[in-house]
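Thanks for coming. I will go through one model this morning, starting with a sheet and ending with the confidence values. Please have the structure open as I talk.

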Amino acid sequence: MKNTKLVAFACGALVITAGFSGCKKKAASAAEEKTETVFAVNAYKAVPRTLDNYLEFGGNVQTASSVDIFPDVQSGKLSKINVKVGDKVRKDQVVAEVDASRAGMDYKNSPIKAPVDGTITSFPYTLGTTVAASMSIGKISSTGTLEIKTNVAERFISRVSLNQRAELTFDAFPGEKFPARLVEIDPVLDSSSRTLGIKLLQTPSDSRLRAGMYARIKLVTDTKKNTIVIPNNVILTRNDEDIVYIIDPQTNTVKASPVKKGIRVDDKQEVEMGITPGDLVVIKGQALLSDGAKVNIISVIE
């Protein structure tokens, strides 16, 4: 009887031990599953885009043409003024009259005529002012067409050519962009400043703009069409190689893809090789990733 009890006790102990052993294995397996790290990331869907490289500087708006007004008489005093600044005039319209009379000699007033069509942009003299044939009494400008003159530093002149397009912005019109194009390049550099003078034409003309305004200019020097563009801070350098992490949407895992950089504009980076259209590129949370890492996509930006 005693032997029978001992055998039963031993069998029971073995069953209990086996049960604990099984529990330990299950617990270890569960712990391994729990330690698998999933990284939260934001992704960017790569699609072909247009990227414009540009030079940025400032310039002054002025009229495309300006003509001085000269009297026809040798000398005399302004006896009549028919216009004021801002008036539009036609060619040969009388803008003022000069009295050339001298002591003991009375002459008929001599008319001063507008040499061209345009707008009076300067007329600084008043009645009674003595004027002469060689003295400009005002200016007539063509305000319908405005141009912007500025200078480009010597190191950038290889990127400048005729008919390049530009965007103008003004403090008076925040958020608005006005088109322009480069129409003239000086043949020589200024030897003192080492800069090259250029002229842009604001076209089509906008009546809200005025001569004398200050323009901020973005001159487009290079345009890449149908190219992959990503935020610049997405690219990592690992072992002297530029890489990005691309997500496999089937497994939600990532793979490091070596990339070749193109031009960089502001915070945008062109990628010439390493990303294909439609790829999901990790743009946030990529610093801790490695090949095969599992990710949870929080959002996708296109």
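This is a predicted model: local features need pLDDT of at least 70, side-chain atom pairs count only at pLDDT 80 or more; totals for chains, interfaces and linings use all residues.

Four strands make up an open sheet, in the order E3-E10-E8-E5, with antiparallel pairing. The edges are strand E3, residues 66-69, and strand E5, residues 88-89, each of which pairs on one side only.

For anyone who wants the background, strands of a sheet pair through backbone hydrogen bonds, either parallel or antiparallel.

E5 and E8 run antiparallel and are joined by 2 bridges. Which residue stands opposite Lys88 in E8? That is Thr119, and Thr119 belongs to strand E8, residues 118-122. Is Thr119 buried or exposed? Its relative accessible area is 8%, and the cut-off for buried is under 20%, so Thr119 counts as buried. Beyond its neighbours within four places in sequence, Thr119 is in contact with Gly86, Asp87 and Lys88, and also with Lys139, Ile140, Ser141 and Thr143.

Ser66 sits in strand E3. With 41% relative accessibility, Ser66 is partly exposed. Not counting residues up to four places away in sequence, Ser66 touches Lys139, Ile140 and Ser141. With Ser141 there is also a side-chain to side-chain polar contact, at 3.2 Å. Thr119 also has Lys139, Ile140 and Ser141 on its contact list. One more distance here: Ser66 and Gly118 are 52 residues apart in sequence, while their C-alpha atoms are 8.7 Å apart in space.

In soluble globular proteins, nonpolar side chains tend to be buried together. Here the largest nonpolar core has 21 residues, and Phe170, Ile198, Ile217 and Leu219 are those with the most contacts inside it. Which elements give two or more residues to this core? They are strand E2 (48-63), strand E11 (146-153), E12, strand E13 (178-185), E14 and strand E15 (214-231). There is a second, separate core of 15 residues, and it includes Leu78, Val83, Ile112 and Val131.

Stay with Ile217 for a moment. Leaving aside neighbours within four places in sequence, its contacts include Leu55, Phe57, Ile148, Ala166, Leu168 and Leu200. Glu56, Gly58, Gly59, Thr150 and Glu167 are also among them.

E15 has several pairings to look at. E2 and E15 run antiparallel, with 12 bridges between them, and Asn60 stands opposite Tyr214 in E15. E12 is joined to E15 by 4 bridges, again antiparallel; there, Thr169 faces Arg216 across the pair. Strand E20, residues 268-273, is antiparallel to E15 as well, through 4 bridges. In that pair, Val229 stands opposite Glu270.

At 2% relative accessibility, Gln202 is buried. What does its side chain reach? The backbone oxygen of Pro204 is at 2.9 Å, and that of Pro179 is at 3.3 Å. Beyond four places in sequence, Gln202 is in contact with Leu146, Ile148, Leu168, Phe178, Pro179, Ala180 and Leu209. Ile148 and Leu168 are also on the contact list of Ile217.

Stepping back to the whole chain. There is 1 helix, and there are 22 strands. The chain has 302 residues, of which 32% count as buried. Its accessible surface is about 18500 Å², and 52% of that belongs to carbon and sulfur atoms. If we take contacts between residues at least 6 apart in sequence, 69% of them join residues at least 24 apart.

Mean pLDDT for the chain is 85, with 88% of the residues at 70 or more. Which element has the lowest mean pLDDT, and which the highest? Helix H1, residues 2-34, has the lowest, at 47, and strand E12, residues 165-169, has the highest, at 95. Over residues 1-21 pLDDT stays under 50, and for this stretch the model has 0 contacts beyond four places in sequence.

That is the end of my part.

Notes
Residues are numbered from 1 along each chain as its sequence is written. Side-chain values use heavy atoms; hydrogens and water are left out. Buried means under 20% relative accessible area, exposed over 50%, partly exposed in between (1.4 Å probe, protein chains only). Contact means heavy atoms within 4.5 Å. Accessible areas come from the Shrake-Rupley method with a 1.4 Å probe; for residues, only the protein chains shown count as cover. A polar contact is a pair of N or O atoms within 3.5 Å; within protein, one must be able to donate a hydrogen and the other to accept it, and residues adjacent in sequence count only if both atoms are side-chain atoms. Two strands pair if DSSP finds at least two bridges between them. pLDDT is the predictor's confidence in each residue, from 0 to 100. A nonpolar core is a set of buried Ala, Val, Leu, Ile, Met, Phe, Trp, Tyr and Cys residues joined through side-chain atoms within 4.5 Å.
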